[in-house]
Amino acid sequence: MMLCTNQIYKAPPNSGEVVLGRTLPSLLDEACDRTPNSRAFNQLTQTGWQALSNHEFRTTVTELALGLLDLQLEAGDRIALLMHSDVYFCIADMGSLLAGLVNVPIDLTQTIEHIIFILRHTEAKALIISDLDLLSQIIPYLQNATQLKTIIVADVPIEWHQRRQQLTCEQNREYEKTLNDQIKIIPDNFCLSLPLLHSPASAAQSVIDILQCIQVFSLEEIRSQGRTKISEFSFQELNGKLIANDLVTIIYIPGVTGEPQGVMLTHENLSANAVAMFTGIPDLGLGTEEIVLSFLPLTHVFARVLVYGHIKYGHSIYFSNSNRVLKHLKEVKPTIFATVPLLLEKVYNKLLEAGEKNQKQIKKEKHLRVKLPRPNITLSSLKFSTNWVRKTSLATWREATVRLSTTGRALKTHLLSPPNSISARQFYLPLSQSVMNWAIKIAQKYELGKIPQRRYALMLKLADRLVFSQWRAVFGSNIKYLISGGATLKAEIANLFAAAGIKILQGYGLTETSSAVTCNRGQFNHAGTVGVAIAGVEITIAEDGEILTRSPYITQGYYKNPQATQHLIDAEGWLHTGDLGEFTSDSFLKITGLKKSRFKLSTGKYVTPQPIESRLEKSPLVTKAVTVGADRKFCAMLIFPNLDNLQQQALSIGIDLPTEELLQHPCIMALYQGLVDEANCHLPHWSTVKKFRLVNANFTVENGLIALNQEVNRVKILEIFAQEINAIYEEKRMQRNENATIEQIDNLCPVNQRFSCPVFAQSLSS
């Protein structure tokens, strides 16, 4: 690929540091020495938040590392992590890295068959799993993971020994005596029972595989074994064996064939990326100065690298989840919070909805003018210069007057006259507009990177006093930095929150680049862009608009896939992102589209369209199927029917209608819903098509919908069918329920048969 220019973009001066040669455990050691923190890691329990100091955390991961090595695991062996994103994950992650193992985090939303594929593909010898609930779901299929020898359960119930006996083939009656004698804490003969009849592949298993013994332990048992070996010498020996360029993790992302594809990353890839990001953030505190709420999946590189940075800086990290995050924001009151655009979009839409409801309610009220009594909010408290106030017209102050009725009741708000200007006078307050609407309009005029001037600065101060402080309370009131990644954030959202004093640092990166490539930060923060390059990164734009990047943070390649690696990274070391972009005049990167078919949802999840599209296109009723949803909250699809075959099918069930009416008939919709359901099978739930639309169109080279090589022109489709796509996402109800209930469809269309996807082809229930 030729470059369209010779210009290579780099980080601005003094906007971050490049620190190479570091291992990930060394970041923890630095924090323990520089910023000891008694509440570095915080896990929610039934009795409240349970804290772990960074020194205790280091002791814990050292015990785990030594215990893992006592299982006859060797440096470079793969160990899978099927875990919730909490303290246990961090312990398992850092402990396995300290042991010199290569860990493989598996997304909890993957299908069971993909989980087994990853275990087989990496030849994982051990698996650390969060709890027995997750274990019970994969037990029926584990005989297909022939290399797996050990399972470690992180969070076990009080009756652990009894529960284990129920799961295993043998019972070790000498276990309690052995435990008391402290001779051999890890028992030898707890082999997991593998129910062969549940596995779709069981018939093909050999006798050797059937007799496979997978031992099951608790995390505490492995730690206890390591505790017997811990010493200053053992700790130094573990660290001394680690090399910065060693492979430490394989992170699986969707592949174009439908099977997951493993991205290989080293200590240096991840540690250097974390350091470059964090040193680029101005005024970032150390230790207890910063409180972090983490809820994003640590199986994704974005959240994981952020945690490494927080560990290095000794911050206090509280682990939450998507179900409790809003509650914990108010409870923990973090100073740093990382999220994906979807959560911010939801908060933004709620604010707009609140304003719209207020406006509708206010229109029903009679317009009144109420004379205000003695004021209770002083403009002098807003700290404006006297010189500027003298020049401010009475009309300006009238505009600053509060107009509100958020509950249908008149709310009294008062203003003192500005000093040295307007004499004491009373204003009349129309109740025709809520203060929420007024504040939203003020915020929507804000532009990141520009300093508000004069009258607008006054409006912002007033809106902040009356409304914006309540918006900040949603995030706990103490937010210094709100970090958004995983997908593109709309400019209007970034501007609105920035106006309210919620500073959003939006970035861009890939799993293959160890997370960040660019990031908005400090004085380099423009809405509608993904920021400027972080330290150590080079970026250029290819002649076709593709973003290329080169840095110490890019992957070694795809695991066991040299052909895909060669396609990803060219001979000059440029990684081809598959994203299209351009730079602004002041070197900010803007994402303009996609060259690759793979895209991200606003949740930060990758979606690969080809597998589901190819399944649908095997049907004689489908000419083309195109998956959409980049930067949206779910996948949708445009289905272009084969009209000749569809009309024959329709006539066979007694439906004879013009094309446009035919494509909206409940039986026809149900027919295609069945095809979509079948194609969705074998895909993670976030990658499945939730809604679709039938579209009548011809695919020709002449109209640009298809290229000479017969590949679909996705950019052109997004452009031509933008109205249809937007309509899908604006619909309030799911496709199958739009015109009739399932029962009505069954009665109307007796030939309709709903598809049932087998359990092993569905997402794990986490």
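This is a predicted model: local features need pLDDT of at least 70, side-chain atom pairs count only at pLDDT 80 or more; totals for chains, interfaces and linings use all residues.
In soluble globular proteins, nonpolar side chains tend to be buried together. In the present model, the largest nonpolar core comprises 139 residues, and the members that touch the most others are F337, W471, F475 and F497. For W471, when residues up to four places away in sequence are not counted, the residues touched are L351, M436, I440, A443, L496, A500 and I502. Another core, of 36 residues, lies apart from the largest one and includes I106, L108, A124 and I129.

Helix α3 spans residues 87-98, and the distance from the first C-alpha to the last of its twelve residues is 16 Å, close to the 16 Å expected at 1.5 Å a residue. This helix is mostly covered, with eleven of its twelve residues buried; among them are the nonpolar residues V87, F89, I91, M94, L97 and L98, and D93 and S96 are likewise buried. At the start of α3, a side-chain oxygen of D86 comes to within 3.1 Å of the backbone nitrogen of Y88, whereas just after the helix G100 adopts a positive phi of about 85°.

Strand β9, formed by residues 260-266, contains T266. The relative accessibility of T266 is 4%, and this residue therefore counts as buried, the cut-off being under 20%. With neighbours within four places in sequence left aside, T266 is in contact with A244, N245, D246, L247 and V248, and also with Q556.

Technical notes. Residues are numbered from 1 along each chain as its sequence is written. Side-chain values use heavy atoms; hydrogens and water are left out. A nonpolar core is a set of buried Ala, Val, Leu, Ile, Met, Phe, Trp, Tyr and Cys residues joined through side-chain atoms within 4.5 Å. Buried means under 20% relative accessible area, exposed over 50%, partly exposed in between (1.4 Å probe, protein chains only). Contact means heavy atoms within 4.5 Å. Helices (H or I, at least four residues) and strands (E, at least two) are DSSP runs, numbered from the N terminus. The expected span of a helix is 1.5 Å times one less than its number of residues. A polar contact is a pair of N or O atoms within 3.5 Å; within protein, one must be able to donate a hydrogen and the other to accept it, and residues adjacent in sequence count only if both atoms are side-chain atoms.
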